[in-house]
Amino acid sequence: MLQRSFGMSAEFLNQSEARLALANQGIYNGFIGGGLLFARFDFPVDAQAIGSLLFTSFVVLAGVFGMATIRRKSIFWIQAFPAILAVLAILFNV
C-alpha cells in the first residue's frame, strides 16, 4: 500500500532509514489516536470537542505538510480530506 499510495519503491522501503522514518510515522499516528481517545473518554464533557479538534487538527496539518512535500493528490485523499471531514463533523456537533 505504501508503494502505491506514496509512490515509494520496494528498494526504498527496504532501506533501514526508510523503515525508521515509517516507524516514526506509526508512532505519531498512535499518539494522535491515543490523544483522540483520551479527549473523548477522559476529558470533562465540556472540553471533549476542543480536545478532539486539537488532535484532529494535527492530522490536517500533517496532511497539508504531506501535500506540500510528497504527493499532492494521494495525501489529500488519504489523510487530509478525512481529517477535514472529522473537523467539520466535530464543529457541527458542538
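The paragraphs below lead through a helix residue, a nonpolar core and a group of aromatic rings.

The model is predicted, so local features need pLDDT of at least 70 and side-chain atom pairs count only at pLDDT 80 or more, while totals for chains, interfaces and linings use all residues. Residues are numbered from 1 along each chain as its sequence is written, and side-chain values use heavy atoms, with hydrogens and water left out.

Glutamine 25 lies in helix α3, residues 16-41, where helices are DSSP runs of H or I with at least four residues, numbered from the N terminus. Glutamine 25 counts as partly exposed because its relative accessibility is 34%, the class between buried (under 20% relative accessible area) and exposed (over 50%), with a 1.4 Å probe and protein chains only. Its C-alpha atom is separated by 15 Å from that of threonine 69, 44 residues apart along the chain.

The largest nonpolar core has seven residues, namely Ile32, Leu53, Val59, Val60, Ala83, Val87 and Ile90; such a core is a set of buried Ala, Val, Leu, Ile, Met, Phe, Trp, Tyr and Cys residues joined through side-chain atoms within 4.5 Å. Two or more residues of this core come from each of α4 (48-69) and α5 (72-92). Leaving aside residues up to four places away in sequence, isoleucine 90 touches Ala49, Ser52, Leu53 and Thr56, a contact being heavy atoms within 4.5 Å.

Across the whole structure, a search finds five aromatic pairs. Phenylalanine 76 and phenylalanine 81 form a tilted pair, 5.7 Å centre to centre with 45° between the planes; rings of Phe, Tyr and Trp (its six-membered ring) pair if their centres lie within 6.5 Å, and count as stacked under 30 degrees, edge-to-face over 60 and tilted otherwise.
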